[in-house]
Amino acid sequence: MEALRQPIILGSLGAYMLLCLGVGVWALRRTESTREFFMAGRNLGVIVTGVAMFSSTMSGFGFVGGPGLVYRIGLSSIWMLVTVGVSNAIADFCLGKRLRMFAELTDSLSLPDAVGARYGAESTRGLTALAILLGILGYLATQILAMATVLQSLLTGTEMFAGISLVTCVAVSSSVLVFYCVTGGILASVYTDLVQGTVMALAGALVFVTALTTFPGGGGAMIDSLVADDPASVSPWGTLGIVGCLSWYFLFAVGVSGQPHLLTKGMMIRRLRDYRFLPVVAIGGYLLTALLWISIGLVMRALVVSGAHPELTRADSAAPVFLETYAHPLLAGVVFAALFAAIMSTADSFLNIGAAALVHDIPKSLGRSLGNELSRARWATVGIALVAALFALYSHYENERLVALLGVFGWSTFAAALVPTVAVGFNWKRATPLAANVAIVTSLAVNFGIELFDIGLPWGVHGGMASLLLSLTLFITLSMASRPPRLAPEVAAVMDL
Amino acid sequence: MRPIHGVLASVLLVAGLIGVLAIQPEPADLGGVAHPRFQSMRHGSESTPWRGSTLGWAWALGCAVIIVFGSLLHLGGGRAAGRRSLQLLLLLTVVLHLAAWTWMIVEFRAYQLGAFDARLLGLPRPTAVLLFVFWPISLAYSALFVAGFDRWVLTEDERLRFRALVAKRREEDA
């Protein structure tokens, strides 16, 4: 079986990619309007929506960066995971029902559409779309680069593809992604997410069991070994310290309510009452997947500090090394497919909301309609993927900081820019478009400034937390200081429900 | 006090506590040090920097963060008469969340001063409190959403009022 490890892994990947292409072809026949391309006809069931939501949240970072963080700094990054109960509750109580109502009442095709309807302001719609577009480019580039790097490392281990270049790997992996996103829009995206999420949850559970039995003496001996080397590594804060962990806790718990790819999926659910069980599916899947994050990182750290495994050259190689060395070849095949699934399920969501921002929201905010949006959306999907792939390659060969810089426009920018406007603004009639616009612009400037000028905040406070606190404060105080806005009667009626 | 005032007050409390921390001298090894044997890892500091007033301010910051969560849930949970029981249960969950946080800090204080061998369910005690008490309590917020959906999130009356709104809008559009 060991001799078949490489063919099994590549076979799993090949089968997974064929499945994605098949879903793309299937969804093509069911995508005949922009409403279907961007909103899946607002006809998704609770399981499909829930799995799509958790699989988009857990990107490639969860499968590579997460275990790497645990290996490097101990349990600190668990504070990104223990947010799952609070973050879902805040998003569900503040937004679930209301955003879905706005989507149906105003026939919204995107989050900026709903924001535009809520505030009655095209400027707020446009700035929301702009923040989304800026946020996804860096995020998407890092996902494409991660996908190509993993593919290259797998293929160079074979005789036939030993000399394969990164550019070819970017082209192959992006082509599969673009194919199903272009043909089937968000419908293909959520149904591939369903496959992807299932594979990810299965991989998480299997890896957890494998990891616990890998260390000689089992889980108890593993903890003893880690405590003997460094008691801080298995303390609740790892080596990062309390304030750094708390700032992750805050940013990830509150920030979920500003992630456009998740909120947009919530707008697609078929019936309002289906919302009830959405957290069960989303949280359950996320918890299973998170097992991989924690278990691989801990077991690799324990193996290294106990001398059972040589030191890793890079912390991020914890997961690939574990899979190549300790996992059964069949499990390694499933997990490598799951890794691609994690990356693609995040990337496809970004491609779709990016296309909506480009061909629908930004033109609409400028008072223009492009006409034949479905065809343009397909071209926009190709264009955004191409720009992100070029960013990824340029960054890899010329300027490593570029993607990192754009990457900060990811999670924390979405959080700081959109949480006040969406999570607070949809629950508070007094919120004004001016306050929303100021909050979005300020958070973009502050996040970019902190990264560009490499500003370190005291006591390990994350820059994203600082900008989220600032944007929330500005949003509320400016709204309070302004004249109460006049709401359209139907907007006021929905906000009363 | 309106829910939005609670959100603003709690956000300012978090910002203020970070400000208080910022004007205090920051221990150099607060975020750990390089691992003495392995370049690819970080190592916790030997000087136990999280103690005394430093630990106290960190505890207060954690409490303020939990209060922000509670204030946002209060805002999203609505204030209609039928939702008072939800608000009470949310408040109770916040109190339990704060208690679990405090318990974890107390256990951590003992742990970093040398109680490394004290275990709970096979884990260092503060880590066990995090995984088996603090985390599950935070899941209770979502459990309230699921369990009380028909009563607190979307009542039958609200559903019907919304259907009427949609029907009126479609009529106008037609």
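Let me start with a definition: a residue is buried if 20 or more other C-beta atoms lie within 10 Å of its own, exposed if 12 or fewer, and partly exposed in between, with C-beta atoms placed from the backbone. With that in hand, take Gly78(B), which counts as partly exposed because it has 19 C-beta neighbours inside 10 Å. Gly78(B) sits in the loop that runs between helix 2 and helix 3 of chain B; helices here are DSSP runs of H or I with at least four residues, strands are runs of E with at least two, and both are numbered from the N terminus.

Now some housekeeping, friends. This is a predicted model, in which local features need pLDDT of at least 70 and side-chain atom pairs count only at pLDDT 80 or more, while totals for chains, interfaces and linings use all residues. Residues are numbered from 1 along each chain as its sequence is written, and chains are lettered from A and ligands numbered from 1 in the order in which they are written.

Let's look at chain A. Its secondary structure consists of 21 helices and zero strands. The C-alpha atoms of chain A occupy a box of roughly 70 × 50 × 45 Å along the principal axes.

Helix 15 (residues 329-365) of chain A packs with helix 1 (residues 5-28) of chain A at an angle of about 35°, their axes 8 Å apart. Axes are lines fitted to C-alpha atoms, for helices over the stretch in contact, and angles run from 0 to 180 degrees between N-to-C directions. The crossing of these two, helix 1 and helix 15 of chain A, is right-handed, meaning the near helix is turned clockwise from the far one by less than a right angle, with anticlockwise giving left-handed. On the helix 1 side you will find, among others, Ile8(A), Leu13(A) and Tyr16(A), and on the helix 15 side, Phe336(A), Phe340(A) and Met344(A) are among the partners. Sorted by class, that contact between helix 1 and helix 15 of chain A has 14 nonpolar, three polar and one charged residues. For the classes, Ala, Val, Leu, Ile, Met, Phe, Trp, Tyr, Cys and Pro count as nonpolar, Asp, Glu, Lys and Arg as charged, and the others, Gly among them, as polar.

Helix 15 of chain A also packs with helix 9 (residues 166-214) of chain A, here at about 140° with axes 6 Å apart. Is the crossing of helix 9 and helix 15 of chain A left-handed or right-handed? It is left-handed. That contact of helix 9 with helix 15 of chain A has 19 nonpolar, nine polar and two charged residues.

One loop in chain A deserves a click. Arg42(A) lies between helix 2 (34-39) and helix 3 (46-57) of chain A, and its phi is near 45°, positive in a residue other than glycine.

On to chain B. It has six helices and four strands, in the order α-β-β-α-α-β-β-α-α-α along the sequence. Chain B is more spread out than a compact globule, because its radius of gyration is 22 Å, well over the 16 Å that the globule rule gives for 174 residues. Buried residues make up 40% of chain B.

An automatic or database assignment sets the domain bounds, and chain B is divided into domain 1 (1-77) and domain 2 (82-174). The C-alpha centres of these domains of chain B lie 20 Å apart. Their contact takes 11 residues from domain 1 and 15 residues from domain 2 of chain B.

Finally, the two chains together. Their contact takes 68 residues from chain A and 58 residues from chain B. The chain B side has 40 nonpolar, 12 polar and six charged residues.

Note on methods
Two residues are in contact if their C-beta atoms, placed from the backbone, lie within 7 Å. The radius of gyration is taken over C-alpha atoms; the globule rule is 2.2 Å times the number of residues to the power 0.38.
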